[in-house]
Amino acid sequence: MGTQQEARRRIERMHERRPAETGAIWAVARAGGGAAMGLIGWNDIDLAGGSAEIVYWALPAARGTGAVVEATKRLSRWALDDLGLHRLRLCHSVANPASCRVAEKAGYAFEGTMRGALLHADGWRDQHLHALVQGDPVA
């Protein structure tokens, strides 16, 4: 996963994206409060072009609870309806079937496999591409 210093730098980069309007990250938590269960947000926001990539991550205890699916639905609806984006992307490693299920349950259509698109510590991996466009139903 990396060192504490690498994690801090990654968090700093996340914070830099909001004022630049290229990304934003929020905590995932149950309604009414409680401990954070993960994070969700947008990367590669292109306001003029009307697109963004949704990103999320869940703590092990939160996986399979539906919290990330619900957060994905809510954030996607907000991006399409209120922010006015046209196309939302959701990408994940082909070795991550849980993320594939999140995409499907949130209404993101599977569009294909991008070969060698994701760099992991042990090398390049294939990645699935899902998308939701204006007019598609959010599940």
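Residues are numbered from 1 along each chain as its sequence is written, and side-chain values use heavy atoms, with hydrogens and water left out. Because the model is predicted, local features need pLDDT of at least 70 and side-chain atom pairs count only at pLDDT 80 or more, while totals for chains, interfaces and linings use all residues.

The chain contains 3 helices and 6 strands. Here helices (H or I, at least four residues) and strands (E, at least two) are DSSP runs, numbered from the N terminus. Along the sequence their order is α-β-β-β-α-β-α-β-β. The chain has 139 residues, and 37% of them count as buried. A residue is called buried under 20% relative accessible area, exposed over 50%, and partly exposed in between (1.4 Å probe, protein chains only).

Contacts give another view of the fold. A contact means heavy atoms within 4.5 Å. Among contacts in the chain with a separation of 6 or more, 48% are between residues 24 or more positions apart.

Turn next to the strands, two of which pair if DSSP finds at least two bridges between them. Strand β6 (residues 123-133) runs antiparallel to strand β4 (residues 87-93), and 7 bridges join them. In this pairing R87 stands opposite V133 in β6. Strand β6 also pairs with strand β5 (residues 109-120), again in the antiparallel sense, over 8 bridges. There H120 stands opposite G123 of β6. The link between β5 and β6 is a hairpin through 2 residues.

Strand β3 covers residues 51-58, and S51 belongs to it. S51 is buried, with a relative accessible area of 15%. Which residues are in contact with S51, leaving aside its neighbours within four places in sequence? They are D44, I45, D46, L85, R87 and R89.

Helix α2 spans residues 67-81, which makes 15 residues. From its first C-alpha to its last it reaches 21 Å, close to the 21 Å expected at 1.5 Å a residue; the expected span is 1.5 Å times one less than the number of residues. The buried residues of α2 are A67, V68, V69, A71, T72, L75, S76, A79 and L80. An α-helix has 3.6 residues a turn, so residues three or four places apart point the same way. The elements that cover the buried residues of α2 include β1 (24-28), β2 (38-46), β3, β4, α3 (97-105) and β6.

One of the residues of α2 is S76. Its relative accessibility is 0%, so S76 counts as buried. Beyond its neighbours within four places in sequence, S76 is in contact with W42, I54, L88, Y108 and L132.

The last topic is charge. Side chains of opposite charge can pair when their charged atoms come close. A salt bridge is counted when a side-chain nitrogen of Lys or Arg lies within 4 Å of a carboxyl oxygen of Asp or Glu. By this rule the count is 6 salt bridges. One of them joins the side chains of R89 and D44 (3.7 Å, N to O). R89 lies in strand β4 and D44 in strand β2, so this pair ties together parts that are 45 residues apart in sequence. D44 is partly exposed, with a relative accessible area of 48%. D44 and R89 are also linked with E53 in a network of salt bridges.

Another salt bridge joins the side chains of R87 and E111 (2.6 Å, N to O). R87 lies in strand β4 and E111 in strand β5, so the pair ties together parts that are 24 residues apart in sequence. Both ends are partly exposed: R87 has a relative accessible area of 25%, and E111 has one of 42%.

A further salt bridge is formed by the side chains of E70 and R74 (3.0 Å, N to O). E70 and R74 both lie in helix α2, 4 residues apart, about one turn of the helix. E70 counts as partly exposed at 35% relative accessibility, whereas R74 is exposed, with a relative accessible area of 60%.
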